[in-house]
Amino acid sequence: MRWTPPSSQNKGGPPWTAGVKPLTNREPAAACVLRLFGAPELQVRQAVEELSGKGKYTARYRTRGGECLIALQADTPRGLEQCRKSLRSRFSADLYGEGQQGLAAATVQALETHRRLLVCADGTAGALLEARLENLPGAEKIFDFGTMSYADREMSSRILHAAAKHADTQDLCALGLARVQAAQRLVGAEFAVGCVRKQEKTLLVLGTRKGCWTRWAWEQEQPGLWLLDMVRRAACGLPQAEGSRWQHYRDPVAVPGAPAAPAKHRRPLGRVLLVLVLLAALLGAAGWYYTGGDLAALPGILQSIRRADSIPRSGARLLQTVPPVCIPWNKA
C-alpha cells in the first residue's frame, strides 16, 4: 500500500482535487483615502474611533495644518462604500477629494462646475494662488492670473483709487477689505480675494457682492491652502470652516487677541427721511389731481369735506345727475 502525505489527502473526492482550496463568493478587500480640509481634529478622531470600534472597518487619520487624510479599509467594497457614505454625510463641507486629488484641483473643479470667476485684488493674494493654479487644466477659465486685476496697471490704479475713497489708508485691514470690494465690482467677477500681512499673521479676505469672509491664518498654517478652501466652499455654497467670519465691507475686522469693538447701533435716519419724502410727494400729487392744479383751493375743499352735511350717511344712495338730451323730431 502506497503512503500519501497528509497535505495531499482527499477525503471522498477525486485525486486531482487534492490540496486545492474550495472557491467562495467572498469579495476582495477594498481601501481608499479621503481628503478633508478645515475639519476639527477632535471630530475626525471621534469618527475614526467609531468606525474602528465596529470591527468591520480599519480607519486611520493624519493631519497637517488644516488638511486631514483618512485611510479606510474594509473587508468588501460594499462595506467600504457604507463607510465612505458615513464620513461624507458627517463631513460634507470639509471633504473635497479622494485619492490623489489635491485641494487646488478641487477648487478649480468647483469654480468651473458652478461657472464662477475668481480674481485677486493685490499681489500678495496673487502670489499665494498663482503657483498652485498655473499648471492645472482649466485654471485659465476661472482665474485671470492678474491680467484683469492687480497685474494690469490701469485696473490696479482704479482699484486703489476706489478703495481710498471708502477706507482710511492708515488702517491696513479696512483698506484691504475696500480693495477687495473694488476689485470685485470693477472686474465683475463673482469672487475676489485679498491678503493683508501683519507680523506673523495674514488676513485672508474672500469678497462677494453682498459682503466678505475674513480669516486670520498663521504662516505655518499655509494661508494659500486656507484661501483655496474658502473659495471652494463659497463656489459650492457650503458653510465656511470654523474660524471664518462673515461681515460687511464697512465693518471693522476682528483681530485675534484684541478686545471686541462695541457694536454700533445704526439709526435708520436715511430710510425714515426717504419714506417721508415719498409720502409728501404722494400727498402733493393727490392734491394736484383733486384741485385741477389749483393748490390754493385745497383748504376750502378740505373744510367742505369736514362738514357733516356733505358726508353721505350709511344707506344713502348717490344719484348721478344726467343732463337732459334733446331728441329732434323727424318731420315727415
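In the predicted model, helices H3 and H8 pack at an angle of about 25°, with 9 Å between their axes. Since angles under 35 degrees count as roughly parallel, H3 and H8 are therefore roughly parallel to each other. Their crossing is left-handed. On the H3 side, the contact is made by Leu103, Ala104, Ala106, Thr107, Ala110, Leu111 and His114; H8 contributes Leu225, Leu228, Asp229, Val231, Arg232, Ala235 and Cys236. By class, 10 residues of the contact between H3 and H8 are nonpolar, two are polar and two are charged.

Helix H3 comprises residues 103–114. At 1.5 Å a residue, its 12 residues should span 16 Å, and the 17 Å between its end C-alpha atoms agrees with this. Buried positions in H3 are Leu103, Ala104, Ala106, Thr107, Val108, Ala110 and Leu111.

Helix H8, residues 223–236, has 14 residues. The distance from its first C-alpha to its last is 20 Å, close to the 20 Å expected at 1.5 Å a residue. H8 is mostly covered, with 12 of its 14 residues buried. The buried set consists of Pro223, Gly224, Leu225, Trp226, Leu227, Leu228, Asp229, Met230, Val231, Arg232, Arg233 and Ala235. Just after H8, a positive phi of about 75° is found at glycine 237.

The crossing of H6 and H7 is right-handed. From H6, the residues Met155, Arg158, Ile159, Leu160, Ala162, Ala163 and Ala164 meet Leu175, Ala178, Arg179, Ala182, Ala183, Leu186 and Val187 of H7. The contact of H6 with H7 divides into 12 nonpolar residues, no polar residues and two charged residues.

Helices H1 (residues 41–53) and H2 (residues 77–90) form a further pair, packed at an angle of about 155° with a separation of 12 Å between the axes. Angles over 145 degrees count as roughly antiparallel, and H1 and H2 are therefore roughly antiparallel to each other. The crossing of H1 and H2 is right-handed. In H1, the contacting residues are Gln43, Gln46, Ala47, Glu50 and Leu51, and their partners in H2 are Cys83, Leu87 and Arg90. The contact of H1 with H2 holds four nonpolar, two polar and two charged residues.

Over the protein chain as a whole, the secondary structure comes to 10 helices and nine strands. The chain has 332 residues, of which 34% are buried. Among contacts between residues at least 6 apart in sequence, 61% join residues at least 24 apart.

Note on methods. Residues numbered from 1 in each chain as written. Predicted model: local features only at pLDDT ≥ 70, side-chain atom pairs only at ≥ 80, totals over all residues. Heavy atoms only, no water. Axes fitted to C-alpha atoms, helices over the stretch in contact; angles between N-to-C directions. Helix = DSSP H or I, 4+ residues; strand = E, 2+ residues; numbered from the N terminus. Parallel < 35°, antiparallel > 145°, perpendicular 65-115°, else oblique. Left-handed = near helix turned anticlockwise from the far one by under 90°. Contact = heavy atoms within 4.5 Å. Nonpolar A, V, L, I, M, F, W, Y, C, P; charged D, E, K, R; others polar. Expected span 1.5 Å × (residues − 1). Buried < 20%, exposed > 50% of the residue type's maximum accessible area, 1.4 Å probe, protein only.
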